[in-house]
Amino acid sequence: MLFEVLIALILGILSGVITGLIPGIHVNLISVIIISLSPLLLLVTTPLVLAVYIISLALTHTFLDSIPSIYLGAPDEAQALNALPGHRLLQRGEGHNAVVYTIIGSFGCLLLGLLLFPIFIFSMELIYPLVKGAIGYILVVIMFFMILKDKGKRAKSLALFLIAGCLGLVVFSIPNLNQPLFPLLSGLFGFSILLISLLQNSKVPPQDISKSLTISKKNVVKSVTAASGVGFIAAFLPGFGSSQAAIVATNIVGDIGDEGFLSLVGGINTANMLISIGTAYVLHKARNGAILTVNKLLGEIGLQEVLLFLAVALVVGGVASLLALKISKIFSKLIVKVNYAKMIWSIIIFITLLTILFDGFLGLIILSTATAIGILASSWNIGKNHLMGCLILPVILYFVL
C-alpha cells in the first residue's frame, strides 16, 4: 500500500507539472478523465491511491502555474492577476525572481496552512453560516472602495468593472461551454498584454537569475498570512474563488509592491487547495474539481484520509517548489534565445486553437471580446484588477439575489 501511494504521489507531481506549464490543460480536465476511467483503474488499484494522485496533481499545479503566466502571458484563473506584475518583472530581467516570489507564497501558505489546520477545521462550522450570508455585500463594499481609490479615474474604473462583469454574466449564462474561463481570462489578461507587447515591439531583456530578491520579510509575512486567511474563506464559500480572494486580500494588506503581490496571489491557490481538504472533511462539501473527484472516489473523507493527504501535501510542496525553481531557470534561459515576436504569435495561435477546440466559434467570440476589453483597460491606464469584475460581479449577484 505504501509503495502504491508513493507511485501515485510521483505520478501526481509529474502530471501537475504538465497541467501547470501547458495553458488550457487544467486539473479539472485530468480529474474528469480519472473519474471516467475509474471503473478500469479500480481493477488495479484502490480509491485512496487515486485520491492521493489527484491531491498530488492539484497541489503541484498551484506551484507551477505561475510560470506560463509570467513568462508567456498565458494565465489561468488563479494566476490572472499575476500576469501584469509578472510581466513587469520579466521586462526588468527578473522573470525568475517573479516566479520565486510566487513559490515563497505557495510554500509559506502550505506550511502555515498545515500548522493552523486544526484551527481551520474547528472554526469552519462556526464561521460558515455567519460569512455565507454576508459575502456578497462584503464584495460590494470592497469593489466600491477599490474604485474610490482611483482618484480621477473612478468613472472609467467603474465602467471597466461593469463591462467585464457583464461579459462574465453573459459567458456563464451560455450553456454547454466546456472551458468558459479559458477564453475569458486569456483575453482579458493574456492576449491584451501580448498584443500590446507586439505593437510596442517589446523584447525580453536578458534574464539575471542571480539578482537578489527584493521582497522584505514584513511583506512576506503579510502576503502569506493574508493569503492563508482569505484562502481559508475561499475554500468553503461557493463561487468565491482564488481571484476574488486576491482582491479581498490586497485591500487588507495594502501596498506590498509587485513582489508581495506575486507572493500573495501565488499563495492563495495553494492555501485554498489545502484547506479544501478540511472543507470536505468537516462540511462534506467540495469547492473545486479535484476535491469533488476525491469525494466521488472515496464516498466520504475521514480523519485517516485527511492525515494522509496532509502528509502527501507536505512532501509534494517541497518537491514542487524545487521543480518550479529548476524549470523557471530553464525558462529564463530559453526565453531570451527565441524571437520574442514569433514566440508571442505562437502563443496567440496556440491559445486560439485551444479555444476553438474547447468551445468552437463561440469560444473565439468570447476570446476576441475579452481581448478588446483588456486593451481598453490598458488604453485608459486603469488597473487590470478591475477586470476581475468578470468573476466578481456574477459572485456578488449569486450571493445577493
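The structure is a predicted model, in which local features need pLDDT of at least 70 and side-chain atom pairs count only at pLDDT 80 or more, while totals for chains, interfaces and linings use all residues. Residues are numbered from 1 along each chain as its sequence is written, and side-chain values use heavy atoms, with hydrogens and water left out.

Helices here are DSSP runs of H or I with at least four residues, and strands are runs of E with at least two, numbered from the N terminus. Two packed helices are described by the angle between their axes and the distance between the axes. For helix α3 (residues 47-64) and helix α13 (residues 289-298), the axes come within 9 Å and cross at roughly 175°. Such axes are lines fitted to C-alpha atoms, for helices over the stretch in contact, and the angles run from 0 to 180 degrees between N-to-C directions. The two helices α3 and α13 are therefore roughly antiparallel to each other, a label given to angles over 145 degrees, with those under 35 called roughly parallel, 65 to 115 roughly perpendicular and the rest oblique.

On the α3 side, P47, L48, L50, A51, I54, I55 and A58 take part in the meeting, and their partners in α13 are A290, I291, T293, V294, L297 and L298. By class, this contact holds 12 nonpolar residues, one polar residue and no charged ones. In this classification, Ala, Val, Leu, Ile, Met, Phe, Trp, Tyr, Cys and Pro are nonpolar, Asp, Glu, Lys and Arg are charged, and the others, Gly among them, are polar.

Helix α13 is largely enclosed by the rest of the structure, because seven of its 10 residues are buried. Buried means under 20% relative accessible area, exposed means over 50%, and partly exposed lies in between, with a 1.4 Å probe and protein chains only. The buried residues of α13 are G289, A290, I291, T293, V294, N295 and L297. Just after this helix, G299 takes a positive phi of about 85°.

S31, in helix α2 (residues 27-41), is buried at 2% relative accessibility. Leaving aside neighbours within four places in sequence, S31 is in contact with I54, G289, A290 and T293, where contact means heavy atoms within 4.5 Å. The C-alpha atoms of S31 and I54 are separated by 7.0 Å, and the two residues are 23 apart along the chain.

The next topic is the nonpolar core. Such a core is a set of buried Ala, Val, Leu, Ile, Met, Phe, Trp, Tyr and Cys residues joined through side-chain atoms within 4.5 Å. The largest one has 123 residues, of which I55 and F309 touch the most other members. Helix α15 (residues 340-379) supplies the largest share of this core, 13 residues. Not counting residues up to four places away in sequence, I55 touches M273, I277, I291, V294, F309 and V312.

A313, found in helix α14 (residues 303-334), has a relative accessibility of 0% and counts as buried. With neighbours within four places in sequence set aside, A313 is in contact with L59, L110 and L274. T355 lies in helix α15 and is buried, with a relative accessible area of 1%. Beyond four places in sequence, T355 touches F182, P183, G360, G363, L364 and L367.

The cysteines come next. A disulfide is taken as a pair of cysteine sulfur atoms within 2.5 Å, and a search of the whole structure finds zero of them. C166 is in no disulfide, and its nearest cysteine sulfur, that of C390, is 12 Å away. C166 is partly exposed at 43% relative accessibility, whereas C109 is buried at 0%.

Some residues sit at the accessible end of the scale. N176, in the loop between α8 (154-173) and α9 (181-199), is exposed with a relative accessible area of 75%, and its phi is near 65°, a positive value in a residue other than glycine. N381 lies in the loop between α15 and α16 (389-400); it is exposed at 54% and has a positive phi near 60°. L115, in helix α6 (residues 95-132), is exposed at 65% relative accessible area.
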